[in-house]
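We will go stop by stop.

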Amino acid sequence: MAAEIVNPRSDSESLQGHTEQENGAEPLDSFDPAFALHRGGKMAVQATVPVRDKDDLSLAYTPGVAKVCSAIAEQPDLVHDYTWKSSVVAVVTDGTAVLGLGDIGPEASLPVMEGKAILFKQFGGVDAVPLALNCTDVDEIVETVVRLAPSFGGVNLEDISAPRCFEIERRLQERLDIPVFHDDQHGTAVVTLAALRNAARLSGRALGDLRAVISGAGAAGVAIAKMLIEAGIGDVAVADRKGVVSRDREDLTPIKRELASFTNKAGLSGPLEAALAGADVFIGVSGGTVAEPAVASMAEGAFVFAMANPDPEVHPEIAHKYAAVVATGRSDFPNQINNVLAFPGIFAGALQVRASRITEGMKLAAAEALASVVGDDLAADYVIPSPFDERVAPAVTAAVAAAARAEGVARR
C-alpha cells in the first residue's frame, strides 16, 4: 500500500460536483482550492508487485499465497517478513478532538486522518491507514483497536479528547505488543522539548536553569510537562481554566492530581498570569489569550512558545517585545512547533527494529536528534528545523531505533 501525495481523480469526471449541483449550488471546489484538492480523497492503495498475467496472479494470489499463509501459521513471526504488517500504521480516531474543531464526529475527521496518513508517507516513508471509529466509549475503542491490531505494526492515536485519551493509550499499551503512540500528547512534547533545548543552548543556559509555565492541562499539556520533567527542567507549572494545577486544589481530576504530584515545585497557585511572573518559559497549548502585562512580567530573555492554532495565545508581535525566542504552531512564522517533525521518524525507527513499544527513552532520543539537526545554524528565529528539511526524518529514525535497542524493546 502506498499513500499517494497527489489526489487520485475518478475517471468519471462528469460526475464531479453533482451533489452540490443537484441541491442548486455551485460545487464547493469551483471557488475553494482546499475542496478541489480534497475531492476524491488524498490517498489511494497501490500494489507493490505486478499482476500482469496468470503467472503473476498465481504467485500474488492463489495458489502461491497459500504457501505463505501456511508458513505464517506455523511460524507467526514470519508475518513481519511476508506481509505489510511491519511497515504500516493505523491512524485511529473517534473524531472527538479534531484540530481546533472539537467533537465533529468520525466522518468529518477523515480529511485530517487522510492528511496524517500522507504525512507519514511523505516525511517518514511509513504507510498508514486512517481508521475513524463510530464509537466514543473507552472500552469499545480499546476492544476495536485490539481486534484490528494483527494487521498493523503500530497504532497512532489521533484527535481523541482528554481525559479518555490517556486511558485508551495506557490500556492499548498494556494489551498490544506493538507501538501505541498518541501523537497529540507525545509528538507535541517531543518537538517542544527539541525547540526548548535549542533555545536554552542559544541563551547559554541548561534546562535545569529554567522555570516553565504551561497553559493547558489537556493531552498535550500533560505530556509536555512529563517530558520536560524527564529531561531535567528546573520546574514546570501547568495551568487549566481554573488556574495553576496545585496539590491544594480540591477540584482536580485523577489525571490532574497525578500532574500536581510531580510539577509545581515552587508551590504556585492562582491564575496563569500570576505564575508567569519571573518565569523563563511560556508554553501555550490551550487557546485563549494571555494579556500583554503577564508576558511582560516574565524573566529577561524568556521564551514564548504560543502554539494554539490559528490564533496563538500570545501574538508573535507582542511576544517579540519581551521574549528572546518565540515559537508558534503556525507555518507563517519562524520556529513552527509541528508534530510532523516527530511522528514519522519515531514510527519509522520503531518499525525498523520491530519495537514492542515506544519508551520515554525513545521519545527523549527523538527530541535530542531533532534539536541536533539545527546544529551551528542556531539562531533566535531558527531553534527548530523545517518539516521539509530532509535531514529530520533520518536523524529521528536512527535515534529512535538506537534507543529501542538500548532499552531492550527492539526485536531485530
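Is Asn 335 buried or exposed? Select Asn 335: with 4% relative accessibility, Asn 335 counts as buried. Buried means under 20% relative accessible area, exposed means over 50%, and partly exposed lies in between (1.4 Å probe, protein chains only). Asn 335 lies in the loop between β10 (323-328) and α15 (343-352). Its phi is positive, about 60°, although Asn 335 is not a glycine.

Before the next stop, some ground rules. This is a predicted model: local features need pLDDT of at least 70, side-chain atom pairs count only at pLDDT 80 or more, and totals for chains, interfaces and linings use all residues. Residues are numbered from 1 along each chain as its sequence is written, and side-chain values use heavy atoms, with hydrogens and water left out. Helices (H or I, at least four residues) and strands (E, at least two) are DSSP runs, numbered from the N terminus.

**Stop: the loop between β3 and α8**

Select Asp 159. Asp 159 is found in the loop between β3 and α8. It has a positive phi of about 55° and is not a glycine. Asp 159 is buried, at 3% relative accessible area. Now pick Pro 163, in the loop between β3 and α8 (164-175). The peptide bond from Ala 162 to Pro 163 is cis, with omega near 5°.

Jump to Pro 310, in the loop between β9 (302-306) and α14 (316-322). The peptide bond from Asn 309 to Pro 310 is also cis, with omega near 0°.

**Stop: the sheet**

Strands of a sheet pair through backbone hydrogen bonds, either parallel or antiparallel. Here, select the four strands that form an open sheet in the order β2-β1-β3-β4. Their pairing is parallel. Two strands count as paired if DSSP finds at least two bridges between them. Which strands stand at the edges? They are β2 (127-132) and β4 (180-182); each has a single partner strand, so one side of each is left without a neighbour in the sheet. From one strand to the next, the twist averages 25°.

Zoom in on β1 (residues 88-93). Six bridges join β1 to β2. Val 88 stands opposite Asp 127 in β2.

Touching, or contact, means heavy atoms within 4.5 Å. Axes are lines fitted to C-alpha atoms, for helices over the stretch in contact, and angles run from 0 to 180 degrees between N-to-C directions.

**Stop: two crossing helices**

Show α9 and α16 together. Their axes come within 8 Å and cross at roughly 45°. That makes α9 oblique to α16. Angles under 35 degrees count as roughly parallel, over 145 as roughly antiparallel, 65 to 115 as roughly perpendicular, and the rest as oblique. Residues making the contact include Val 190 and Ala 194 of α9, and Leu 364 and Ala 367 of α16.

**Last stop: the cores**

A nonpolar core is a set of buried Ala, Val, Leu, Ile, Met, Phe, Trp, Tyr and Cys residues joined through side-chain atoms within 4.5 Å. The largest one has 108 residues. Among those with the most contacts inside it are Leu 172, Phe 305 and Met 362. Helix α16 (residues 360-374) gives the most to this core, with ten residues. A second, separate core has 20 residues, including Val 213 and Leu 272.
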